[in-house]
Amino acid sequence: MRADLLTELTATRAMLHEPATEQGMRVMIERAAVDPKFAEVKEALYRSGTRAARTTLTEAVARGDLPAELDVDLAIDQLHGPLFFRRLVANRTFDLDYVRAVLDDFLRIHSSKHPRQQGTS
């Protein structure tokens with residue numbers, strides 16, 4: 001599961017750091033707010049761009065590696081959100097160590113193999 005998710009997040013990182021793709025995403029996000037056609041394309045890109053991670057997470061839930069009550073949409077946000085925020089909002093670059101840290105924090109919180117410590121929030 002970790003390797004599959006890392007592959008997906010690494011691809012997202014590469015996409016966010018490729019100047020033409022990054023600029024295209026910025027335009028798509030801006031135009032989607034005011035143009036229904038752009039909104040449709042953005043939604044389709046979101047679905048296709050998160051499909052593999054969504055499948056990995058769903059299968060991990062089915063195997064019991066992640067909790068049955070995991071909200072997969074929220075998990076997608078928790079994994080991809082920091083990458084998009086850092087690059088598109090904060091306009092900062094990041095390396096694979098950052099990607100690994102985001103993923104490992106997610107797994108530490110949600111993985112049944114790494115239970116939360118009692119008494120912490």
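Modeller: In this predicted model, helix α3 gives the most to the lining of the largest pocket, with 7 residues; helices here are DSSP runs (H or I, at least four residues), numbered from the N terminus. Residues are numbered from 1 along each chain as its sequence is written. Because the model is predicted, local features need pLDDT of at least 70 and side-chain atom pairs count only at pLDDT 80 or more, while totals for chains, interfaces and linings use all residues, and side-chain values use heavy atoms, with hydrogens and water left out.

The largest pocket holds about 610 Å³ of space, a volume being the space filled by probe spheres set on grid points that are joined across faces, edges and corners. A pocket is an open set of points, on a 1 Å grid over the protein atoms alone, where a 1.4 Å probe fits, with protein on both sides within 12 Å along at least five of seven lines, and lining residues have an atom within 4 Å of a point.

Of the 22 lining residues, Met-15, Met-25, Leu-45, Tyr-46 and Phe-84 lie nearest the centre of the pocket, and the elements that give two or more residues are α1, α2, α3 (36–63) and α4. By class, the lining has 10 nonpolar, 8 polar and 4 charged residues, where Ala, Val, Leu, Ile, Met, Phe, Trp, Tyr, Cys and Pro count as nonpolar, Asp, Glu, Lys and Arg as charged, and the others, Gly among them, as polar.

Two of these elements, α2 (residues 19–32) and α4 (residues 72–89), pack at an angle of about 95° with their axes 11 Å apart, which makes α2 roughly perpendicular to α4 (65 to 115 degrees; axes are lines fitted to C-alpha atoms over the stretch in contact, and angles run from 0 to 180 degrees between N-to-C directions).

Notes: Angles under 35 degrees count as roughly parallel, over 145 as roughly antiparallel, 65 to 115 as roughly perpendicular and the rest as oblique.
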